[in-house]
Amino acid sequence: MMNYSPGEPPPPSATPAASPPPPAVQAHDLSVARGPRTVLRALDFAVPQGQITGLLGPSGCGKSTLMRAIVGTQAKVTGTLNVLGHPAGDATLRSRIGYVTQAPSVYDDLTVRQNLAYFAAILDPGRAAADRRRANVTRAITDVALTTHADALAGNLSGGQRSRVSLAVALLGTPELLVLDEPTVGLDPVLRRELWSLFHTIAAERRATLLISSHVMDEAERCHRLLLMREGEILADDTPEALRTRTHADTVEEAFLRLVDEATATTTVTTGTDAHHKEPAR
């Protein structure tokens, strides 16, 4: 029996729960080969919208390769990889994704402001957009705390400052997906903290999705969700709290090491079993 008028909206408890938005990134059986070597092995994962997902693992485990696959610049990719509802690399995604590589992508003979103005003109060309471009450049410089260096040549900046210029370029178009490959490497602890505060602001206020790689495990605690990688495979896809609970660990780093030990033990047992049942060579 209804206790509200038919012409009125039902109370919150009677309203069906909204279905979650589709993932920003969805991968199934994703593999990447480089020559005879398989770099990524049949990965299945999803990156939720509007959150910060950390991609963590030791150097050489395939993090950068996975990021290049997501932004559409990696060759020899097999399997299914959808980004913002389109196949990775689709031309319609170019203005919707911001990508920062490990190596700063700036012109040394231009100032910080000139670098951003150049890339802003590519993203949003035309005289009619001039005011909007200037506003976006100013906002991006402020976001990465480079206002006092706006007119300095990029070639005269420190490594950490040059990395921030690259990040500012990625922030110019207010992208829906930010893919950041180890953006805090070489930065001092105070600036790292400020950048992570900016990342959370971008996710919360601009509803953007961030995929951030790192091999520094203490940064994992700052993420909403984690993808832990090792040797081209994903060891875990969960929240930091769930990973700690699952492995009975106090930190994500400890949880990661326990997952590595479990995977190593499983591989050893499997290899030993295969060798035991293997027929002698003829």
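1. Helices H2 and H3 pack with their axes 9 Å apart and at an angle of about 130°, where axes are lines fitted to C-alpha atoms, for helices over the stretch in contact, and angles run from 0 to 180 degrees between N-to-C directions. That angle makes H2 oblique to H3, since angles under 35 degrees count as roughly parallel, over 145 as roughly antiparallel, 65 to 115 as roughly perpendicular and the rest as oblique. The crossing of the two, H2 and H3, is right-handed, a term used if the near helix is turned clockwise from the far one by less than a right angle.

2. This is a predicted model, in which local features need pLDDT of at least 70 and side-chain atom pairs count only at pLDDT 80 or more, while totals for chains, interfaces and linings use all residues. Residues are numbered from 1 along each chain as its sequence is written, and side-chain values use heavy atoms, with hydrogens and water left out.

3. H2 also packs against H4, at an angle of about 30° and with the axes 10 Å apart, and the two helices H2 and H4 are therefore roughly parallel to each other.

4. The largest pocket (an open set of points on a 1 Å grid, with protein on both sides within 12 Å along at least five of seven lines) has a volume of about 750 Å³, a volume being the space filled by probe spheres set on the points. Its lining (residues with an atom within 4 Å of a point) comprises 29 residues, of which Arg94, Ile97, Gly98, Tyr99 and Leu123 are the closest to the centre.

5. Both domain 1 (23-96 + 177-264) and domain 2 (103-174) contribute to the lining of the largest pocket, so this pocket lies between them; the domain bounds come from an automatic or database domain assignment.

Definitions and conventions: 1 Å grid on protein atoms, 1.4 Å probe; cavity = no way out; pocket = protein on both sides within 12 Å on 5 of 7 lines; lining within 4 Å. Helix = DSSP H or I, 4+ residues; strand = E, 2+ residues; numbered from the N terminus.
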